[in-house]
Amino acid sequence: MAIRELSSLEKYLGLKKPNKYTTQGDRKVPVLQNNNGPPLVGLVTVACHLVKESKRAELLGSSAESRAVVQQWLEYRVTKLDGGSKEDVRTILKELNTYLEDKVYLAGNQFTLADIILYYGTHSLIVDLSVQEREQFLNVTRWFDHIQHMPGVRHHLPPVAVLRNRIYTGRHH
Amino acid sequence: MGFGDLRSSSGLKVLNEFLTERSYVEGFVPSQADVAVFDALSAAPPADLCHALRWYNHIKSYSSQKSSFSPRLYHKFPNMQFSSSITSPNIRELRILFMLFQEDEEATRIKEERLAAYAAKKSKTAVIAKSSILLDKMEECVRSIVMDGLVWGQSKLVPVGYGIKKLQINCVVEDDKVGTDILEEQITAFEDLVQSVDVAAFNKI
């Protein structure tokens, strides 16, 4: 799973030579064996390395504050999303929904690696949501639809159809 | 454009509703459509219209890069009620500039307003067209379009600015026989002279 994400990320970044990944442990943590130095372990570590390699450092955030926010969300992905259980899914989505209420991207106004990694991470969750639930977490749905339409991001994941005409509006017309 | 009067709270509500599921006004990247709507707003939307506010702050953060947004694709927004109160000078200018750079020829624009008056037997349309040179030639071509149920009326030249004039021509159209789409198609068939066509006003008689 993580390996497919990393190869999708490579395609998005336009890296010419795909790397060979291995995994370690039960959790299948991806490992990148670097020629020069020690192996890089962990989805976030490898992803950040790939971004720097492709010279797209702006994907990690342009200001100190946005860099910190990106790192925060990358960590969130690994600790909460991958480590969490089924019950946590609702809490996670609720948190994301509140956070995304006033932001277009996770880092505010700029598309970053955090958006990509969290898109990969939440895809399986969003696919399982019913239409009613997707309308409950409207901001997440909006953000998700936006990211999956960005050119080059969605490689190995099927697109999720997001209903444009809302069924449950909670208002009477 | 389709949001109603953006200076009123009802128009802002429509915009907010629209932006609930969308990050941008048109498509998935910022475009001139966003700039147009942004300029039409007199101030930031109130905090209770959270989606409009989110979009507003986002577009604001682009500040200087706004001029490099891609041009808008549609002239009207889907599923929205039509109202021309948003056509502020800014939007027209944006469109004109874009056309100038694209082609240095005459531009004709008829702006289409879809009213429920399509059920009318006879309707009178006033067509606004923009053009810069060889206006007589263009007028001739437009008048040469002959269709059953179509009668051309008087025409006049209206200066638009930047040295451009537009050809505004009236016609009486019987809705059953002639649709504005067909008319538009026939006019834009004169590709060399006509760049685009818009209906300016559409009255029932």
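## Chain A: order of elements

Read from the N terminus, the elements of chain A follow the order α-β-β-β-α-α-α-α-α-α, a total of 7 helices and 3 strands, where helices (H or I, at least four residues) and strands (E, at least two) are DSSP runs numbered from the N terminus. This is a predicted model, in which local features need pLDDT of at least 70 and side-chain atom pairs count only at pLDDT 80 or more, while totals for chains, interfaces and linings use all residues. Residues are numbered from 1 along each chain as its sequence is written, chains are lettered from A and ligands numbered from 1 in the order in which they are written, and side-chain values use heavy atoms, with hydrogens and water left out.

Chain A has 173 residues, of which 47% count as buried; buried means under 20% relative accessible area, exposed over 50%, and partly exposed in between (1.4 Å probe, protein chains only). Its accessible surface is about 9300 Å², with 53% belonging to carbon and sulfur atoms, as given by the Shrake-Rupley method with a 1.4 Å probe, in which for residues only the protein chains shown count as cover. Among the contacts of chain A (heavy atoms within 4.5 Å) with a separation of 6 or more, 62% link residues 24 or more positions apart.

## The sheet of chain A

The 3 strands of chain A form an open antiparallel sheet in the order β1-β2-β3, two strands being counted as paired if DSSP finds at least two bridges between them. Because β1 and β3 stand at the edges, each with a single partner strand, one side of each is left without a neighbour in the sheet.

Strand β1 (residues 21-24) is joined to β2 (residues 29-32) by 4 bridges, and one of the pairs across these strands is A:Thr23 with A:Pro30. The hairpin of β1(A) and β2(A) has 4 residues between the strands, and in it A:Gly25 takes a positive phi near 80°.

## A loop residue with positive phi

Most residues other than glycine have a negative phi. A:Lys55, however, has a positive phi near 60°; this residue is found in the loop between α2 (43-53) and α3 (64-81) of chain A, and it is exposed, with a relative accessible area of 71%.

## Nonpolar cores

A nonpolar core is here a set of buried Ala, Val, Leu, Ile, Met, Phe, Trp, Tyr and Cys residues joined through side-chain atoms within 4.5 Å. The largest such core has 73 residues, and those with the most contacts inside it are A:Phe111, A:Leu113 and B:Trp55. Helix α5 (residues 113-128) of chain A supplies the largest share of this core, 9 residues. Beyond its neighbours within four places in sequence, A:Leu113 is in contact with A:Leu9, A:Ala47, A:Cys48, A:Val51, A:Leu59, A:Leu60 and A:Leu74. Another core, of 15 residues, lies apart from it and includes B:Met138, B:Leu183, B:Ile187 and B:Val197.

## Chain B and the interface

Helix α2 (residues 32-40) of chain B is mostly covered, with 8 of its 9 residues buried, among them B:Asp34, B:Val37 and B:Phe38.

Between the chains, 16 residues of chain B are in contact with 19 residues of chain A, and the two bury about 1600 Å², 53% of it on carbon and sulfur atoms; buried area is the accessible area (1.4 Å probe) that two parts lose on being put together, summed over both. In chain B, the residues that lose the most area to chain A are B:Glu21, B:Phe28 and B:Arg54, together 44% of what that side buries. The count of salt bridges between chain B and chain A is 0, a salt bridge being a side-chain nitrogen of Lys or Arg within 4 Å of a carboxyl oxygen of Asp or Glu.
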